[in-house]
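Please keep the sequence and the structure in view while reading.

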Amino acid sequence: MKDNNTIGYPTIFKTDCQPNILKAGDCPIGFAKSADTCYFVGRSKKTRTAAKHECESMCSRLAIISSDKENHDVSSFLANVQHTFGYKEEPFYWIDAYRFRSRFNKPWRWNSTGLIINSHAYTHWNHNSHPNIASDGEHCANIGQSNVYGHLHGNGNYYWDHRSCAEHYPALCEYPLGSQP
(Lines give C-alpha, C1' and ligand atoms only; values in the text may rest on other atoms or scores of the structure.)
Protein backbone atom coordinates (compact mmCIF):
# COMPACT_ATOMS: atom_id res chain seq x y z
CA MET A 1 0.00 0.00 0.00
CA LYS A 2 1.06 3.50 -0.70
CA ASP A 3 1.74 5.87 2.21
CA ASN A 4 1.63 9.40 0.82
CA ASN A 5 0.08 11.54 3.51
CA THR A 6 1.87 13.65 6.06
CA ILE A 7 0.47 12.33 9.32
CA GLY A 8 1.46 8.71 8.99
CA TYR A 9 -1.86 7.08 8.14
CA PRO A 10 -1.59 4.78 5.13
CA THR A 11 -3.92 5.43 2.25
CA ILE A 12 -6.19 2.60 1.20
CA PHE A 13 -5.17 2.58 -2.45
CA LYS A 14 -2.75 0.14 -3.97
CA THR A 15 -0.14 1.66 -6.25
CA ASP A 16 -1.14 -0.76 -9.01
CA CYS A 17 -4.80 0.35 -9.13
CA GLN A 18 -5.54 1.42 -12.69
CA PRO A 19 -8.86 3.25 -13.16
CA ASN A 20 -10.63 2.80 -16.48
CA ILE A 21 -9.78 6.17 -18.11
CA LEU A 22 -9.90 6.83 -21.86
CA LYS A 23 -7.39 9.71 -21.88
CA ALA A 24 -5.29 11.60 -19.32
CA GLY A 25 -7.25 14.18 -17.35
CA ASP A 26 -10.60 12.48 -17.94
CA CYS A 27 -12.83 10.93 -15.32
CA PRO A 28 -12.88 7.16 -15.07
CA ILE A 29 -15.62 5.57 -17.19
CA GLY A 30 -18.94 5.72 -15.33
CA PHE A 31 -17.93 8.80 -13.30
CA ALA A 32 -19.15 12.37 -13.92
CA LYS A 33 -17.06 15.50 -13.48
CA SER A 34 -18.10 18.20 -11.02
CA ALA A 35 -15.60 21.01 -10.46
CA ASP A 36 -12.17 19.29 -10.33
CA THR A 37 -13.38 15.95 -9.00
CA CYS A 38 -15.06 12.95 -10.60
CA TYR A 39 -18.02 11.39 -8.80
CA PHE A 40 -19.87 8.12 -9.07
CA VAL A 41 -23.02 7.09 -7.25
CA GLY A 42 -23.83 3.46 -6.70
CA ARG A 43 -27.04 2.12 -8.18
CA SER A 44 -27.82 -0.12 -5.26
CA LYS A 45 -28.12 0.47 -1.55
CA LYS A 46 -25.54 -1.33 0.58
CA THR A 47 -23.82 -1.21 3.93
CA ARG A 48 -21.10 1.35 4.42
CA THR A 49 -18.39 -1.34 4.20
CA ALA A 50 -19.80 -2.68 0.92
CA ALA A 51 -20.07 0.90 -0.42
CA LYS A 52 -16.41 1.53 0.50
CA HIS A 53 -15.39 -1.65 -1.36
CA GLU A 54 -17.44 -0.58 -4.40
CA CYS A 55 -15.46 2.67 -4.58
CA GLU A 56 -12.13 0.91 -4.04
CA SER A 57 -12.91 -1.52 -6.87
CA MET A 58 -13.00 1.53 -9.18
CA CYS A 59 -9.74 3.03 -7.82
CA SER A 60 -11.65 5.69 -5.91
CA ARG A 61 -12.82 6.30 -2.34
CA LEU A 62 -15.96 7.36 -0.53
CA ALA A 63 -16.25 11.14 -0.89
CA ILE A 64 -14.31 13.47 1.40
CA ILE A 65 -15.82 16.96 1.61
CA SER A 66 -13.44 19.62 2.86
CA SER A 67 -15.02 22.99 2.06
CA ASP A 68 -18.34 24.79 1.72
CA LYS A 69 -17.73 25.10 -2.04
CA GLU A 70 -17.11 21.37 -2.31
CA ASN A 71 -20.27 20.61 -0.30
CA HIS A 72 -22.19 22.90 -2.65
CA ASP A 73 -20.66 21.17 -5.70
CA VAL A 74 -21.58 17.74 -4.27
CA SER A 75 -25.11 18.98 -3.44
CA SER A 76 -25.58 20.19 -7.02
CA PHE A 77 -24.16 16.96 -8.38
CA LEU A 78 -26.48 14.81 -6.24
CA ALA A 79 -29.52 16.91 -7.16
CA ASN A 80 -28.77 16.08 -10.82
CA VAL A 81 -28.14 12.34 -10.44
CA GLN A 82 -31.24 11.43 -12.44
CA HIS A 83 -30.21 13.71 -15.30
CA THR A 84 -26.51 12.70 -15.19
CA PHE A 85 -26.81 8.95 -14.72
CA GLY A 86 -30.42 8.24 -15.66
CA TYR A 87 -31.50 6.83 -12.33
CA LYS A 88 -33.42 8.07 -9.34
CA GLU A 89 -31.84 10.39 -6.79
CA GLU A 90 -31.67 8.76 -3.37
CA PRO A 91 -32.19 10.74 -0.15
CA PHE A 92 -28.83 9.64 1.37
CA TYR A 93 -25.38 8.50 0.21
CA TRP A 94 -22.38 7.16 2.15
CA ILE A 95 -19.35 9.46 2.58
CA ASP A 96 -15.91 8.71 4.06
CA ALA A 97 -16.46 10.18 7.57
CA TYR A 98 -16.11 7.53 10.27
CA ARG A 99 -15.75 7.19 14.03
CA PHE A 100 -14.17 4.07 15.51
CA ARG A 101 -16.79 1.69 16.87
CA SER A 102 -15.22 1.20 20.29
CA ARG A 103 -14.53 4.90 20.87
CA PHE A 104 -17.70 6.91 20.36
CA ASN A 105 -16.30 9.80 22.36
CA LYS A 106 -13.37 10.09 19.93
CA PRO A 107 -13.43 12.47 16.96
CA TRP A 108 -14.75 11.78 13.51
CA ARG A 109 -12.08 11.08 10.87
CA TRP A 110 -11.88 10.80 7.14
CA ASN A 111 -11.44 7.05 7.09
CA SER A 112 -9.28 6.78 3.96
CA THR A 113 -6.77 9.42 5.09
CA GLY A 114 -7.03 9.29 8.89
CA LEU A 115 -7.39 13.08 9.08
CA ILE A 116 -9.42 14.20 12.09
CA ILE A 117 -12.61 16.17 11.46
CA ASN A 118 -12.45 18.66 14.33
CA SER A 119 -13.54 22.20 15.08
CA HIS A 120 -10.86 23.56 12.72
CA ALA A 121 -11.96 21.40 9.80
CA TYR A 122 -14.94 21.99 7.53
CA THR A 123 -18.11 20.12 8.50
CA HIS A 124 -21.71 20.31 7.37
CA TRP A 125 -23.60 18.25 9.93
CA ASN A 126 -27.39 18.34 9.76
CA HIS A 127 -28.70 20.87 12.31
CA ASN A 128 -31.30 18.26 13.38
CA SER A 129 -28.53 15.78 14.10
CA HIS A 130 -27.82 14.88 17.71
CA PRO A 131 -24.31 14.96 19.25
CA ASN A 132 -24.39 11.15 19.43
CA ILE A 133 -21.73 10.55 22.07
CA ALA A 134 -23.35 7.33 23.33
CA SER A 135 -22.35 4.03 21.78
CA ASP A 136 -25.58 3.46 19.89
CA GLY A 137 -24.03 2.16 16.69
CA GLU A 138 -23.97 5.35 14.64
CA HIS A 139 -20.32 5.56 13.70
CA CYS A 140 -20.58 6.12 9.94
CA ALA A 141 -21.73 9.23 8.10
CA ASN A 142 -23.76 9.94 5.03
CA ILE A 143 -24.79 12.99 3.07
CA GLY A 144 -28.40 13.73 2.26
CA GLN A 145 -31.11 16.31 2.18
CA SER A 146 -32.09 17.78 5.51
CA ASN A 147 -34.82 15.84 7.28
CA VAL A 148 -37.39 18.13 8.88
CA TYR A 149 -40.01 16.37 11.00
CA GLY A 150 -39.70 13.14 9.01
CA HIS A 151 -39.88 14.78 5.58
CA LEU A 152 -37.02 15.62 3.28
CA HIS A 153 -36.55 19.35 3.01
CA GLY A 154 -35.69 19.66 -0.68
CA ASN A 155 -33.85 22.96 -0.52
CA GLY A 156 -31.04 21.58 -2.66
CA ASN A 157 -28.58 21.67 0.23
CA TYR A 158 -27.18 18.38 1.45
CA TYR A 159 -26.06 17.79 5.03
CA TRP A 160 -24.04 15.13 6.83
CA ASP A 161 -25.59 12.86 9.43
CA HIS A 162 -24.58 9.99 11.74
CA ARG A 163 -25.84 6.55 10.76
CA SER A 164 -25.35 2.93 11.65
CA CYS A 165 -22.84 1.40 9.22
CA ALA A 166 -25.29 -1.50 8.77
CA GLU A 167 -27.90 0.71 7.11
CA HIS A 168 -28.15 0.56 3.33
CA TYR A 169 -27.43 3.59 1.11
CA PRO A 170 -25.69 4.00 -2.24
CA ALA A 171 -22.00 4.92 -2.31
CA LEU A 172 -20.84 8.40 -3.24
CA CYS A 173 -17.39 7.70 -4.70
CA GLU A 174 -14.86 10.34 -5.68
CA TYR A 175 -11.81 10.32 -7.91
CA PRO A 176 -9.91 13.62 -7.61
CA LEU A 177 -8.51 14.76 -10.93
CA GLY A 178 -4.79 15.40 -11.10
CA SER A 179 -3.92 13.08 -8.24
CA GLN A 180 -4.61 9.61 -7.03
CA PRO A 181 -7.21 9.54 -4.25
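Which residues of H2 are buried? In this helix, Glu-70, Asn-71, Asp-73, Val-74, Ser-75, Phe-77 and Leu-78 are buried, where buried means under 20% relative accessible area, exposed means over 50%, and partly exposed lies in between, with a 1.4 Å probe and protein chains only.

## Basis of the model

This is a predicted model, in which local features need pLDDT of at least 70 and side-chain atom pairs count only at pLDDT 80 or more, while totals for chains, interfaces and linings use all residues. Residues are numbered from 1 along each chain as its sequence is written, and side-chain values use heavy atoms, with hydrogens and water left out.

## Overall make-up

The protein has three helices and 11 strands, these being DSSP runs numbered from the N terminus (helices are H or I with at least four residues, strands are E with at least two). Read from the N terminus, the elements follow the order β-β-α-β-α-α-β-β-β-β-β-β-β-β.

Of the 181 residues in the protein, 46% are buried. The protein exposes about 9500 Å², of which carbon and sulfur atoms supply 51%; accessible areas come from the Shrake-Rupley method with a 1.4 Å probe, and for residues only the protein chains shown count as cover. Among contacts (heavy atoms within 4.5 Å) with a separation of 6 or more, residues 24 or more positions apart account for 70%.

## The five-stranded sheet

Five strands form an open sheet in the order S6-S5-S4-S7-S10, and the pairing is antiparallel. Strand S6 (116-117) and S10 stand at the edges with a single partner strand each, so one side of each is left without a neighbour in the sheet. Two strands are taken to pair if DSSP finds at least two bridges between them.

Strand S7 (residues 140-145) has six of its six residues buried, so S7 is largely enclosed by the rest of the structure. With strand S4 (residues 92-98), S7 pairs in the antiparallel sense over four bridges; along this pairing, Tyr-98 stands opposite Cys-140 in S7, and Phe-92 has Gly-144 in S7 as its bridge partner. With strand S10 (residues 158-163), S7 pairs in the antiparallel sense over six bridges, and here the bridge partner of Gln-145 is Tyr-158 in S10.

## Helices against the sheet

H1 lies across S4 and S7 and runs at about 85° to S4, whereas H2 lies across S4, S7 and S10 and runs at about 90° to S10. For these angles, axes are lines fitted to C-alpha atoms, for helices over the stretch in contact, and the angles run from 0 to 180 degrees between N-to-C directions.

Helix H2 (residues 68-79) has 12 residues and reaches 16 Å from its first C-alpha to its last, close to the 16 Å expected at 1.5 Å a residue; the expected span is 1.5 Å times one less than the number of residues.

## Two residues within the strands

Asp-96 has its place in strand S4 and, at 2% relative accessibility, counts as buried. The side chain of Asp-96 reaches the backbone nitrogen of Asn-111 at 3.0 Å. Not counting residues up to four places away in sequence, Asp-96 touches several residues, including Arg-48, Leu-62, Ile-64, Trp-110 and Thr-113.

Ile-117 has its place in strand S6 and counts as buried at 8% relative accessibility. Ile-117 and Ala-97 are 20 residues apart in sequence and 8.1 Å apart in space, C-alpha to C-alpha, and Ala-97 is among the residues that Ile-117 touches, together with Trp-108, Tyr-122 and Trp-160, when residues up to four places away in sequence are not counted.

## Two positive phi angles in loops

Ala-35 has a positive phi of about 60° although it is not a glycine. Ala-35 is found in the loop between strand S1 (32-34) and strand S2 (37-41), and at 40% relative accessibility it counts as partly exposed.

Cys-59 is likewise a residue other than glycine with a positive phi, near 60°. Cys-59 is found in the loop between helix H1 (48-57) and strand S3 (61-62), and at 6% relative accessibility Cys-59 counts as buried.

Notes. Polar contact = N/O pair within 3.5 Å; in protein donor to acceptor, adjacent residues only side chain to side chain.
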